[in-house]
Amino acid sequence: MKKYQAYTLRNYLDIPQARVHLSEEERFALEVVGHVLPFKTNNYVVEELIDWSRYRDDPIFILTFPRKEMLSPEHFDEMAAAIRGGAGKPEIRLIANKIRMELNPHPAGQLSRNVPAIDGVKLTGVQHKYRETVLFFPSQGQTCHAYCTFCFRWPQFVGMNELKFAMRDTELVIKYLKSQPLATDILFTGGDPLIMKTKVLRTYIESLIDARIPNLRSIRFGTKALSYWPQRFTSDEDADGLLRLFEKVRKAGMHLALMAHFNHPNELKTEEVRKAVSRIRNTGAIIRTQSPIMRHINDKAEIWAQMWQKQVEVGCVPYYMFVARDTGAQHYFALPLEEAWNIFRKAYQQVSGIARTVRGPSMSAGPGKVQVLGVSEIAGEKVFALQFIQGRNPDWVRRPFFARYDPEAIWLNDLYPAFGKEKFFFETEFPVQRKAMLNLRQAGGLNYKAAMN
Ligand code: SF4
């Protein structure tokens with residue numbers, strides 16, 4: 001039975017493979033970037049998922065080990081100079097926080113826009129953006145078994161306290177859910193909520209079950225534990241208890257869904273993950289899978305086709321391909337929307353109907369989840385066809401709209417309406433903050449927080 005061992009900046013040289021393989025330059029880069037973006041991996045990832053014979057190109061190495069290119073040259077040089085010059089902890093922290101604030105720490109306006117209130121109390125551990133689904137950030141679930149280098153939730157892991165969502169108190173959440181009769185789902189998210197011990201999780205789940213909220217039909221967990229620590233469902237001391245808890249949700253007549261995060265088919269290659277999937281499925285829970293599309297990790301149609309195929313074989317349901325978010329190391333991971341769409345459709349063409357449950361490529365942007373349907377030509381104009389899969393206003397969903405074709409566009413705020421229109425149809429309610437404004441922000445001419453409000 002493997003015992004969990006985390007590796008961070010503090011102890012990563014205890015990893016024999018890192019000592020043997022990483023050059024001086026790579027170690028220094030890891031230290032520099034790891035002072036800005038969070039770095040954590042673990043013994044399962046290192047021993048069973050990474051192929052160290054080709055680690056520089058290994059997708060799981062890139063997924064968990066920061067590297068130089070993940071910061072802009074200016075940011076890298078600034079932090080490198082501080083470390084080389086022997087700067088003390090407070091100074092390093094100051095520089096790190098300054099850089100972090102320039103990396104759009106809360107994309108899609110999450111911090112200010114989606115936090116609801118009840119009885120005049122702000123529910124700082126809750127986000128409610130889409131009518132049916134309430135996101136819940138339990139305070140003990142704000143970390144993960146390892147950190148993804150592309151993670152858009154990175155501010156939660158680096159001590160930017162004012163940006164943390166976390167809340168212990170389930171009573172208010174229950175009250176809030178009861179006040180929202182159209183909310184059918186609660187999604188436990190983090191970090192990774194399944195990092196919580198079963199006994200902690202049980203308190204939350206049992207309170208929800210006992211509250212008998214008539215509108216609550218599904219409990220969901222957003223998790224990467226299947227990929228980073230499948231032992232959570234197999235051999236951890238409270239693994240069996242967790243599965244009993246899943247069963248309890250099912251027995252209470254609710255749907256239990258794991259929104260499992262897999263970025264590459266290699267994460268599905270071990271016996272341990274297959275065993276974990278099978279044990280979860282035996283409880284009656286359904287595992288749906290999702291991932292962003294990212295340069296250097298999964299930017300080929302074959303990788304996606306293989307991943308969806310493997311997922312279906314073990315009994316998971318392919319669910320989402322996301323576009324890399326406009327935060328953190330986006331410049332390193334992002335692909336143009338057109339390329340993402342081409343990869344999606346080529347992968348989709350290679351799998352049978354049962355894997356075509358997947359949707360994408362989808363941008364989780366301020367107004368909603370915007371899917372790139374494709375590139376087309378209408379009345380002589382080359383355009384992107386788009387639609388909302390989810391919208392801040394439910395009425396926006398599945399209404400096709402069109403943007404001017406731009407081969408370099410990587411996010412919604414790069415797009416402009418087609419056919420000479422000034423605004424997309426939803427912009428009367430929710431204007432898109434376009435790149436021109438963001439550039440101004442990056443040049444320091446616009447207060448970031450004010451801009452997001
Ligand atoms: S597992 Fe999810 S929350 Fe955790 S670092 Fe990866 S993407 Fe972020």
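How much space lies in the second largest pocket? In this predicted model, local features require a pLDDT of at least 70 and side-chain atom pairs count only at pLDDT 80 or more, while totals for chains, interfaces and linings use all residues. Residues are numbered from 1 along each chain as its sequence is written, and side-chain values rest on heavy atoms, with hydrogens and water left out.

The second largest pocket holds about 580 Å³ of space. A pocket is an open set of points on a 1 Å grid over the protein atoms alone, with protein on both sides within 12 Å along at least five of seven lines; a cavity is a set of points where a 1.4 Å probe fits but cannot get out, and lining residues have an atom within 4 Å of a point. Grid points are joined across faces, edges and corners, and a volume is the space filled by probe spheres set on the points. Of the 23 residues lining this pocket, Leu 9, Gly 34, His 35, Arg 93 and Arg 100 are the closest to its centre. Helix 2 (24-34) and helix 6 (89-101) are the elements that give two or more residues to the lining, and helix 6 contributes the largest share, six residues. Helices here are DSSP runs (H or I, at least four residues), as are strands (E, at least two), numbered from the N terminus. Because domain 1 (6-101) and domain 2 (107-329) both give residues to its lining, the second largest pocket lies between them. The domain bounds come from an automatic or database assignment, which also places domain 3 at 365-453.

The structure also holds two cavities of 30 Å³ or more. The largest, of about 40 Å³, has a lining that includes Cys 148, Cys 151 and Trp 154. The second largest cavity, of about 30 Å³, receives at least two lining residues from each of strand 10 (286-293), helix 13 (301-314) and strand 11 (317-323). Helix 13 provides the largest share, four residues.

Cys 148 and Cys 151 are also among the residues that surround the ligand, together with Lys 224 and His 261; such a residue has a heavy atom within 4 Å of the ligand. Cys 151 is buried, at a relative accessible area of 16%, and Cys 316 is likewise buried, at 4% (under 20% is buried, over 50% exposed, and in between partly exposed, with a 1.4 Å probe and protein chains only). The count of disulfides, pairs of cysteine sulfur atoms within 2.5 Å, is zero. The sulfur of Cys 316 is too far for a bond because the closest cysteine sulfur, in Cys 148, is 17 Å away.
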